[in-house]
Amino acid sequence: MSLTRAADVRTIRMDGGLRRFWDFPAVHSTAEGPAIFMVHGFRGDHHGLLRIVEALPEHRVLVPDLPGFGQSDPLQGTHDVAAYAAFVRGGVDRLALGSRTVLLGHSFGSIIAARAAADAPDAFSSLVLVNPISAPALEGSSRMATRLAELYYRAGGALPEGAGQALLRNRLIVRAMSELMAKTGDRRLRRWIHAQHRAYFSAFASREVVLEAFTASITATVRDSASSLNLPVLLIAAEKDDLGTVETQRGLAALIPDSTLVVLPGVGHLVHYEKPDAAAAHITDFVKSRVR
C-alpha cells in the first residue's frame, strides 16, 4: 500500500526522555481544518495510523510513538493510562496546537485519548475514537482469548530475559494475532497487514514496558471516562470487532453526553488498516459539522 504524505519528525525531551512526533502538514492548505492529534494502540507505533493520515489531506496531523514504543523513550514511571494521558496532554501543549485540536485514539489509544480529554476538557475541540474499547476485556466475548494473552504476557515476564524477549517478539505468535484480527478477504491487503505487524508490533523498549501497557489495556476502558467527556465525541465502531461488540459500543455511546456512533460493516478491530477511507470520511464530516 503506497503512502506518500511526508512528515516533519519532531523530537522533544519530555519528563526525562526523548519523545518522537510525526508532524504531517495539511496538503490542501487553502481549506485547512483543525489539527488532529492521533494516539496509536497497544504494541503499535505511529505507522499503524498512516493510512488514516493519508486520507485526511485537509488537516495537519500529528502522530507520536507512545513512550516505550517505536522511537520514543520509556517513561520513568509506570506505563499506565494516567501516565499516557499526561503524555498526550503534554505533547499537545509542547507543540502549541491550540484548543481547536481534534484528539483521536485507536483501540488502546481510545482509552488514553478519552482519559486525556476528560482530564483536560478545554484542551480539545472534539474527540474521535476508532475501534473504542467499550467493555472490559475479561468480561466480553473475547475473554478466553484475553486470558490466553494474559498467560502469554505473564510467561514473557517470568522467563529469563533472553527467553522472555524471544517469546514476546516471536514472529509466529505475532502472525497468529494478526490472522485473528484481520477480517478482510483481500489477499493483498492481508499480506500488507501481516507485514505491518511483523515490522512494527515488536518495537517496544523492554519487557516491563509491554507488560505494564498490556495490563493497562485489559483493565481499563473508555467507559471509565465516558461521563466526564464534555465535548463532541465520534465513535467509529466495527461490525466484526472481537474487542467490542456493536451492543457494547451502543452502551458506551449512551454514557457519553454528546456522542455520535457509526458502525462500519464487514470490518473488525483493524479499521485503521482495512477501512481507513471510510473512517476518514466520517471524521471529515464530523469535524466540519462540530468544530468551529
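Predicted model: local features only at pLDDT ≥ 70, side-chain atom pairs only at ≥ 80, totals over all residues.
Visitor: What makes His269 count as buried?

Guide: The cut-off is under 20% relative accessible area. His269 has 5%, so it is called buried.

Visitor: And where does His269 sit?

Guide: In the loop between strand E8 (259-264) and H11. His269 is also among the residues nearest the centre of the largest pocket, along with Phe42, Met177, Met181 and Leu243.

Visitor: How do you know that the side chain of His269 makes a polar contact with the side chain of Ser107?

Guide: The limit for a pair of N or O atoms is 3.5 Å, and the pair between His269 and Ser107 comes in at 2.6 Å. Asp241 gets a polar contact with the His269 side chain too, through its own side chain, at 2.9 Å.

Visitor: Which residues does His269 touch, leaving out those up to four places away in sequence?

Guide: His106, Ser107, Asn131, Ile133, Met181, Asp241 and Leu243.

Visitor: Back to the largest pocket: what is its volume, and how many residues line it?

Guide: The volume is about 1,100 Å³, and the lining has 47 residues. Sorted by type, they split into 25 nonpolar, 18 polar and four charged.

Visitor: Which helix gives the most to that lining?

Guide: H4, with six residues. Other helices that each supply at least two include H3 (108-119), H6 (171-181) and H8 (207-219).

Visitor: Why is H3 called largely enclosed?

Guide: Because ten of its twelve residues are buried. Among them are Phe108, Ile111, Ile112 and Ala116. The cover over the buried residues of H3 includes strand E3 (36-39), H2, strand E5 (102-106), strand E6 (126-130), H8 and helix H9 (223-226).

Visitor: How do you know that the span of H3 is close to what is expected?

Guide: H3 reaches 17 Å from its first C-alpha to its last, against the 16 Å expected at 1.5 Å a residue.

Visitor: What about the reach of H8?

Guide: H8 has 13 residues and reaches 18 Å, close to the expected 18 Å.

Visitor: Which residues of H8 are buried, and what covers them?

Guide: They are Arg207, Val209, Val210, Ala213, Phe214, Ala216, Ser217 and Ile218.

Conventions. Residues numbered from 1 in each chain as written. Heavy atoms only, no water. 1 Å grid on protein atoms, 1.4 Å probe; cavity = no way out; pocket = protein on both sides within 12 Å on 5 of 7 lines; lining within 4 Å. Points joined across faces, edges and corners; volume = space filled by probe spheres on them. Helix = DSSP H or I, 4+ residues; strand = E, 2+ residues; numbered from the N terminus. Nonpolar A, V, L, I, M, F, W, Y, C, P; charged D, E, K, R; others polar. Buried < 20%, exposed > 50% of the residue type's maximum accessible area, 1.4 Å probe, protein only. Polar contact = N/O pair within 3.5 Å; in protein donor to acceptor, adjacent residues only side chain to side chain. Contact = heavy atoms within 4.5 Å. Expected span 1.5 Å × (residues − 1).
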